[in-house]
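Thank you all for making the time this morning. I would like to take you through side-chain interactions in one model, and I will give the cut-offs as I go.

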Amino acid sequence: MSSDPRYPIGRFHARTELTADERNALINEIAATPAAMREAVSGLTDAQLDTPYREGGWTLRQVAHHLPDSHLNAYCRTKLALTENEPTIRPYDEDAWARLADTRQTPVDVSLALLESLHVRWVTLLRSLRAEDFRRTFRHPDHEGMQTVDWIIAFYSWHGRHHTAHVTSTRERHGW
């Protein structure tokens with residue numbers, strides 16, 4: 001664990017090529033993300049959900065809604081990489097999305113259900129791929145060079161654990 005509240009599990013270390021065993025382990029982590037986030041926010045009050053995980057950071061509610069927003073984009077990016085030749089994906093303004101009314105007004109449970117359904121589809125897709133499919137590439141304007149489907153798996157395995165740790169570390173600090 002990191003002492004930096006922005007990166008409670010440490011920073012992401014990019015990987016563009018994984019072994020079959022590494023890939024399977026990371027896909028299993030992606031599959032476990034919805035249950036881990038559901039457990040992390042379980043029993044929190046509205047006031048607790050509206051607590052930032054760090055000074056100037058998102059609230060736990062925003063974090064919980066961000067995860068399906070981000071992973072839905074990742075799912076689409078995975079499908080683009082698998083069906084197009086080196087597509088350039090479109091980034092989005094995560095902070096702007098986190099400030100929209102649906103993030104403030106929608107119960108967290110709705111986003112958790114979306115995350116669960118999304119991950120069933122995404123993990124089914126990932127587990128169906130052939131070894132060469134994981135080397136398919138795409139361009140991400142926010143990252144240098146080409147990224148691979150393996151990179152997506154490595155990043156979003158980390159991403160789910162990263163944001164779940166924002167919630168769990170906040171709970172620990174506050175004694176919730």
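Predicted model: local features only at pLDDT ≥ 70, side-chain atom pairs only at ≥ 80, totals over all residues.

Residues are numbered from 1 along each chain as its sequence is written, and side-chain values use heavy atoms, with hydrogens and water left out.

Let me start with the salt bridges, where the criterion is a side-chain nitrogen of Lys or Arg within 4 Å of a carboxyl oxygen of Asp or Glu. Searching the whole structure on that basis gives 11 salt bridges. One of these joins the side chains of Arg 23 and Asp 150, with N to O at 2.7 Å. This pair links distant parts of the chain, since Arg 23 belongs to helix 1 (residues 20–41) and Asp 150 to helix 7 (residues 149–174), 127 residues apart; helices here are DSSP runs of H or I with at least four residues, strands are runs of E with at least two, and both are numbered from the N terminus.

Are these two partners buried or exposed? Arg 23 has 10% relative accessibility and therefore counts as buried, and Asp 150 is buried at 0%, where buried means under 20% relative accessible area, exposed means over 50% and partly exposed lies in between, using a 1.4 Å probe and protein chains only. The charged end of Arg 23 also sits over the ring of Phe 134, 4.1 Å from its centre, which requires NZ of Lys or CZ of Arg to be within 6 Å of the ring centre and within 35 degrees of the ring normal.

A second example is the salt bridge between the side chains of Arg 38 and Glu 116, at 2.6 Å from N to O. Because Arg 38 lies in helix 1 and Glu 116 in helix 6 (residues 108–128), the pair ties together parts that are 78 residues apart in sequence. Arg 38 is partly exposed at 28%, as is Glu 116 at 29%, and a network of salt bridges links Arg 38, Asp 109 and Glu 116.

Next comes His 159, which is placed in helix 7 and is buried, with a relative accessible area of 4%. Its side chain is joined to that of His 71 by a polar contact of 2.9 Å, meaning a pair of N or O atoms within 3.5 Å; within protein, one must be able to donate a hydrogen and the other to accept it, and residues adjacent in sequence count only if both atoms are side-chain atoms.

Finally, the structure holds 9 aromatic pairs, counted when rings of Phe, Tyr and Trp (its six-membered ring) have centres within 6.5 Å, with planes under 30 degrees apart called stacked, over 60 edge-to-face and the rest tilted. Among them, Phe 138 and Trp 151 are edge-to-face, at 6.1 Å centre to centre and 65° between the planes. Phe 138 lies in strand 1 and Trp 151 in helix 7, so this pair ties together parts 13 residues apart in sequence. Phe 138 is buried at 0%, and Trp 151 is buried at 4%.
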